[in-house]
Amino acid sequence: MKVLVEYSPGAHLDRYIATRLRKNIKGALELVGTSWVESMFAEPDVVHLISPDDESLAHDAKEQGATLVVSALYSEGDPGARFMNVDSEGFHSLRPKAERLLKMADMIFVPSEAAETALLTSGLALRSVRVVTPGVNLARFDAHSDIEKIVFRRYFRLEEGAPYCLTAGEVDDDERLEAMAELASLVPGITFFYLLTSKKGPAK
């Protein structure tokens, strides 16, 4: 069996959340000995999508007779892979592209029971929805040298064993930034690092 796992937003739009999910999926395939391919030209048996923006690729998959799998609601913090729109009052609704993609899917993966409920109560006629946690191949994070183990702490001058939190968000997301600042104030014993990105690429 050959699987195509697609997500190619382009460097200027990449927020890394969905890119990391794609790497996790490919790593999971490797762990069970399943081959993954890079394009539809390889005639995959399964096409796995993680962004509503790949709707056209979903049509190609159906035309070629491939099974279409969609990972939905894993990367809502990534503009390139969001399935939901949020209005000014905080109301969530599926993007039109997301609705069309989900209707085509033979299997839909979601990260939690809450996400499963959100889709099953959306009014869409969906074939199959399953909760699958966004697993990580821990072997990818094995340190190969003492330098790799301590490089982050050395760069940011953290003492050995000192707890820290690393997170990321868009530079113009004031609400999230304020929330993280409030959280940091509640746990003064933990150092917080907030990496900023912008719609034009990584923030300086």
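Which residue of β4 does H48 stand opposite? In this predicted model, in which local features require a pLDDT of at least 70, side-chain atom pairs count only at pLDDT 80 or more, and totals for chains, interfaces and linings use all residues, H48 stands opposite V69 in β4. Residues are numbered from 1 along each chain as its sequence is written, and side-chain values use heavy atoms, with hydrogens and water left out.

The chain contains six helices and eleven strands, where helices (H or I, at least four residues) and strands (E, at least two) are DSSP runs numbered from the N terminus. Of its 204 residues, 35% count as buried, a term that denotes under 20% relative accessible area, with exposed meaning over 50% and partly exposed lying in between (1.4 Å probe, protein chains only). Among contacts (heavy atoms within 4.5 Å) between residues at least 6 apart in sequence, 58% join residues at least 24 apart.

Six strands form an open sheet in the order β2-β1-β3-β4-β7-β8, with parallel pairing; two strands are taken to pair if DSSP finds at least two bridges between them. The edge strands, β2 (35-37) and β8 (129-131), each pair on one side only. From one strand to the next the twist averages 25°, with axes being lines fitted to C-alpha atoms, for helices over the stretch in contact, and angles running from 0 to 180 degrees between N-to-C directions.

Strand β1 (residues 2-6) is joined to β2 by three bridges, the two strands running parallel, and L4 stands opposite V37 in β2. Helix α1 (residues 17-31) packs on the sheet, where it touches β1, β2, β3 (46-49) and β4 (67-71), and its direction makes about 165° with that of β1. Helix α3 (residues 96-104) also packs on the sheet, touching β3, β4 and β7 (107-110), with a direction that makes about 135° with that of β4.

Strand β3 pairs with β1 in the parallel sense over four bridges, and in this pairing H48 of β3 is the bridge partner of V5. Four bridges also join β3 to β4, again in a parallel arrangement. From β3, V46 and H48 point one way and V47 and L49 the other way, and all of these residues are buried.

In helix α2 (residues 55-63), the residues E55, L57, A58 and A61 are buried. Seen down the axis of α2, these buried residues fall within an arc of 155°, so they line one face of the helix, the arc being that of the directions from the helix axis to the C-beta atoms. On the other side of α2, S56 and E63 are exposed. The elements covering the buried residues of α2 include β1, β3, β4 and α3. Just after α2, G65 adopts a positive phi of about 80°.

Two packed helices are described by the angle between their axes and the distance between the axes. The axes of α2 and α3 come within 10 Å and cross at roughly 20°, which makes α2 roughly parallel to α3 (angles under 35 degrees count as roughly parallel, over 145 as roughly antiparallel, 65 to 115 as roughly perpendicular and the rest as oblique). The contact is made by E55, A58, H59 and K62 of α2 together with K97, R100, L101 and M104 of α3. Within α2, E55 counts as buried at 13% relative accessibility, and, residues up to four places away in sequence not being counted, E55 touches K97, R100 and M104.

Most residues other than glycine have a negative phi, and most peptide bonds are trans. L73, however, has a positive phi near 70° although it is a residue other than glycine; L73 is found in the loop between β4 and β5 (84-86) and is buried, with a relative accessible area of 14%. R157, likewise not a glycine, has a positive phi of about 55° and lies in the loop between α5 (146-155) and β9 (164-170). With a relative accessible area of 78%, R157 is exposed, whereas L73 is buried.
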